Amino acid sequence: MILTLTANPSMDRTIELSAPLAHGAVQRAAAAVQDPGGKGVNISRALHAASVPTEAIVPGDAHDPVLTVLTEQHVAYSNLPTGEPIRSNITVVDPDGTTTKLNAPGTRFDQPLREALDALVIERALATNAHWVILAGSLPAGLPSSYYAELIAALRAAGFEGKIALDTSEQTLIDSLAQEAKPSLIKPNSEELAQLTGASSWEELESSAELTARTAASLLGGGIEYVLATLGGGGAVLVTESGAWHAIHEPIKVRSTVGAGDSSLAGFVIASEAGASPEDALLSAVAYGSAAASLPGTRMPVPAEISIDKVTRRELAL
């Protein structure tokens, strides 16, 4: 069982344009789709499509449209009633795949709501005997930027012995890793890796898998066993105490990069659950991320759309 937490879920509405976005102009969409979203939700959708047991924890009322769609898609979830509608996010995609995102604020958390969320995550992690708990996405107002680290500490104190993955960004990522309680895996992109380490610009990281590996290796330890660094069209780098590898997919036509990183993490976990080595799980991560980028909106790929044979891998020296 893979448990995911999306503290700040959304209904993701994606609009595809036939011409580049023109500020201040009226444009007609070539296509429009909407999917239940937020990083953890996306990961659970991908896992479910691969027939991997998963449960998404989502703050939101039972009849919210996001949860209604998850029910229709047969994605298992536990919801925390908030009394407020789940936010909507809008993504505009240019013909060349460039994306512009407009993210609305989510539900503000007070102390009782936070305590209820903590209790729900811990209860479901223990009750389902989860192999992984994946903490993913931004945090809503009212939760401190160190919230994920505090939740990790609470999970460990409650006796949870499985692996914990963290996929977030900006100050939340920095403050989460500054605490004593660390996740088992982190999945930064190039910008996030640069923010975490201060070692290089994200452009330099994306241009050099070797530099990315050396930079990511500095984050290992203290509980962090895996750093899975995604590099957009440059593939991904995985660093562990046992080694480092770079994998890249053959060129694809990008339709939307929203959710591609979520799909990459799902691909890594799917392969890990099947018994793959970390370096083989990297192949799955890149295949899943590339498949997601070739799909419209935030639709998660199904196994038939995954092409691991189009991914190449090489070992990197640290």
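The largest cavity in this predicted model is lined by A7, N8, P9, P59, P85, I86, R87, G106, T107, F109 and P140. Its lining is made up of seven nonpolar residues, three polar ones and one charged one. The space inside the largest cavity comes to about 70 Å³. When the whole structure is searched for cavities of 30 Å³ or more, one is found.

The aromatic rings are the next topic. Two numbers describe a pair of such rings: the distance of the centres and the angle of the planes. Across the whole structure, a search gives two aromatic pairs. One of them joins Y147 and Y148, whose ring centres are 6.0 Å apart. The planes of Y147 and Y148 stand at 50° to each other, and the pair is tilted. Are these two residues buried or exposed? Y147 is buried, and Y148 is buried too.

The rings of Y226 and F268 also pair, with 5.8 Å between their centres. Their planes meet at 65°, and an angle over 60 degrees counts as edge-to-face, so this pair is edge-to-face. Where do the two residues lie? Y226 belongs to strand β11, which covers residues 226-230, while F268 is part of helix α9, which covers residues 260-273. The pair therefore ties together parts that are 42 residues apart in sequence. Y226 and F268 are both buried.

Definitions and conventions: Residues numbered from 1 in each chain as written. Predicted model: local features only at pLDDT ≥ 70, side-chain atom pairs only at ≥ 80, totals over all residues. Heavy atoms only, no water. Phe/Tyr/Trp six-rings, centres within 6.5 Å; stacked < 30°, edge-to-face > 60°. Buried < 20%, exposed > 50% of the residue type's maximum accessible area, 1.4 Å probe, protein only. Helix = DSSP H or I, 4+ residues; strand = E, 2+ residues; numbered from the N terminus. 1 Å grid on protein atoms, 1.4 Å probe; cavity = no way out; pocket = protein on both sides within 12 Å on 5 of 7 lines; lining within 4 Å. Points joined across faces, edges and corners; volume = space filled by probe spheres on them. Nonpolar A, V, L, I, M, F, W, Y, C, P; charged D, E, K, R; others polar.
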